[in-house]
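Subject: Structure for your review

Dear colleague,

Please find below the structure that I am handing over to you. My notes on what was found in it follow directly after.

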Amino acid sequence: MGVMRTKLTERYKNALELYLEGGGEVALQAAYEMGRSAIVTEMGSVDLMAIHQEALLEILRTVPTRQDALKTVEKSWQFLMESLSPFEMTVRGYRDILNTLRVSEERFKTLSDTTKDVIYSFSPDGTIKSLNPVFEEITGYDRSEWIGKSFAPLVHPDDLLIAQSVLRRIMKGETPPAFQMRIRSKSGEYLPAEFIPTPQMQDGEVVGSFVIARDFTERTRAQEQLRALAKRVVNAQEEEGRRIARELHDDLCQWLTGMKLSLNTLEDEIPDEKTLRDELRTMKEQVNQRITEVRRMSAKLRPSTLDDFGLSVAVTRLCEDCERLHRLPVIFQTAGFVLERYDSEVEIALYRIVQESLSNIVKHSRATWTRVRLSHTQETLTLEIEDNGIGFNPEQVALLPKTEGHQLGLVSMKERSILLGGTFTIDSLPGKGTKISVHIPLGPSEP
Amino acid sequence: MVKYPLQEERIPIRTDADIVLARQRGRALATELGFAQIDRVLIVAAISELARNVIEYAQKGEMVLHSLRSANKKGIEIIMHDEGPGISDITQALQDGYPTRKYLGLGLPGTKRIMDEFNIVSKVGNGTTVTMKKWAS
């Protein structure tokens, strides 16, 4: 700077002398250019005025009279004004920029103060530069306790490594993705939060980082619940699909068994031709019916009886079929004001539960008596399936590997109940029979 | 607003000497129109800045001076025109600061600030025309 300034002073003096000798606009243009040079070399206007003063004083030494001196000083003023005119452009520029900066800062402060997120900034060494008021609300600390201090003690020790690696990435100018970290509150409790960092740039260098932190606690819980629910829904859907397939299969098996019995009977009785033809016709009709039934079922994935006649009727049919096919007395009861129709979700769920339960009873319970009871009281629909079988330990069943059919069945029944906002309980003890209870809440809008 | 066609002056801009002439003519007209000294200095500064741009980017161009008369005031109109490469992003060109301008304020943005009216038309390959006005208070 010293060398440049000396050179500039020399130039300035020469140009000023030229001007004073009548150099006119050429000299003034030179003044302008020197002003520009000063700005470009980052000198200030005061520097230039000092240069002018130096140059002028030297020139005045050679001016003979006081009057001439005064004239010289007056005239040189024009020269000075020209050399300072470039600064006028920049000064107004600074004002514009300061204004813009002020507006921008105010906007940031408003955002920072009114947001529900914690906004903070820190410097490359991890020192906290700023914290917004929300920090105090969330952590219970006073901001003054942490500004100027290292961020590290606020971080959960297990999360410190992540925090540090993120800091490194930011200092390289990267914008790392959001990450989770636990922050210590004044009470000592650790609060999980999601952190979204951005590098703070100045003149192409990273001078720190801005971070937005969102309180994660609420979100975590909600998200976990959502995930769990979604999983249950998927499970239920898969299970439904499998059970449809099983149902179709069972239906067909039952029917084939029935057919087989009929054929056996036919064989035994050796009827005459006409009777034979009638029998065959009946069988053909039954086959067609079955095929239609199966087609309808696979198309709608719902038993047609349920769709056509409603829950009570469909369950009655299930009970009747069970009794007929497996020689198991099944009593079907209704209590309260059981409606003919319910919400289709409710109908299919309860239908499947009855179906599965009856299937389990037949396969495992060795019961000699079963009762299925549907009751509708005070906006709750209750399904109870009781048997006097050998019972089981529900907890033991839960421990069985998933490939065992009944475990999946129980879980699915429970899933279906929960998805409807209801409850599912099994009361069973070895030797004491089994009672399955399902309570489904029905909204007040149910007719 | 009436322009005085007799007082249209055209000055070719090609060399540093042309800049001197442009400043001179601009200063003379501004004095004639009754501008205060400070404003005269700024008008001439604006001419310098634009003329420098012409020489640096377009090699040659032209300045046109008009005197303006409105209801109760007089003014000066300066048109700096060139057939140079044109400016691709005018918004950026009118912005201060890094990275295009390390030293804030000079050039187009600074010139705009010291004039009362400022208009720039530029198209890549089609040259640039800056029209600026200042009113005598």
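A residue is called buried here when its relative accessible area is under 20%, exposed when that area is over 50%, and partly exposed in between. By this criterion, 38% of the 447 residues in chain A are buried. Please bear in mind throughout that this is a predicted model.

Overall features of chain A

Chain A contains twelve helices and ten strands. Its exposed surface comes to about 25900 Å², of which carbon and sulfur atoms supply 55%. Of the contacts in chain A with a separation of 6 or more, 60% are between residues 24 or more positions apart.

The five-stranded sheet

Chain A holds an open sheet of five strands, ordered S2-S1-S5-S4-S3, with antiparallel pairing. Its edges are formed by strand S2 (128-131) and strand S3 (179-184) of chain A, each of which pairs on one side only. From one strand to the next, the twist averages 35°. In general, the strands of a sheet pair through backbone hydrogen bonds, in either a parallel or an antiparallel sense. Within this sheet, strand S1 (residues 118-122) and strand S5 (residues 205-215) of chain A are joined in the antiparallel sense over five bridges. In one of these, A:Ile119 has A:Ile212 in S5(A) as its bridge partner. Helix H5 (residues 160-171) of chain A lies across S1, S3, strand S4 (190-202) and S5 of chain A, and it runs at about 140° to S5(A).

A:Thr139 belongs to helix H4 (residues 134-139) of chain A. Is this residue, A:Thr139, buried or exposed? Its relative accessible area is 6%, so A:Thr139 is buried. A polar atom of the A:Thr139 side chain lies 3.1 Å from the backbone nitrogen of A:Tyr141. Leaving aside residues up to four places away in sequence, A:Thr139 touches A:Ile183, A:Arg184, A:Ser185 and A:Lys186.

Salt bridges

Over all chains, a search of the whole structure finds 25 salt bridges. One of them joins the side chains of A:Arg36 and B:Glu49, at 2.5 Å from N to O. This pair crosses between chains, with A:Arg36 in helix H1 (residues 2-40) of chain A and B:Glu49 in helix H2 (residues 37-58) of chain B. Both A:Arg36 and B:Glu49 are buried.

A salt bridge also forms between A:Lys435 and A:Glu384, whose closest N and O atoms are 3.4 Å apart. The pair links distant parts of the chain, since A:Lys435 in strand S10 (residues 434-441) and A:Glu384 in strand S8 (residues 380-387) of chain A are 51 residues apart. A:Lys435 has a relative accessible area of 26% and is therefore partly exposed. A:Glu384, by contrast, counts as buried because its relative accessibility is 15%.

In chain B, B:Glu62 forms a salt bridge with B:Arg10, the closest N and O atoms being 2.6 Å apart. Here too distant parts of the chain are linked: B:Glu62 lies in strand S3 (residues 61-69) and B:Arg10 in strand S2 (residues 9-13) of chain B, 52 residues apart. With a relative accessible area of 25%, B:Glu62 is partly exposed. Finally, A:Glu25, A:Glu82, B:Arg23 and B:Arg27 are joined into one network by salt bridges that share partners.

With kind regards

Methods:
Residues numbered from 1 in each chain as written. Chains lettered and ligands numbered in written order. Predicted model: local features only at pLDDT ≥ 70, side-chain atom pairs only at ≥ 80, totals over all residues. Heavy atoms only, no water. Helix = DSSP H or I, 4+ residues; strand = E, 2+ residues; numbered from the N terminus. Buried < 20%, exposed > 50% of the residue type's maximum accessible area, 1.4 Å probe, protein only. Contact = heavy atoms within 4.5 Å. Areas by Shrake-Rupley, 256 points an atom, 1.4 Å probe, with all protein chains shown as cover. Polar contact = N/O pair within 3.5 Å; in protein donor to acceptor, adjacent residues only side chain to side chain. Pairing = 2+ DSSP bridges. Axes fitted to C-alpha atoms, helices over the stretch in contact; angles between N-to-C directions. Salt bridge = Lys/Arg side-chain N within 4 Å of Asp/Glu carboxyl O.
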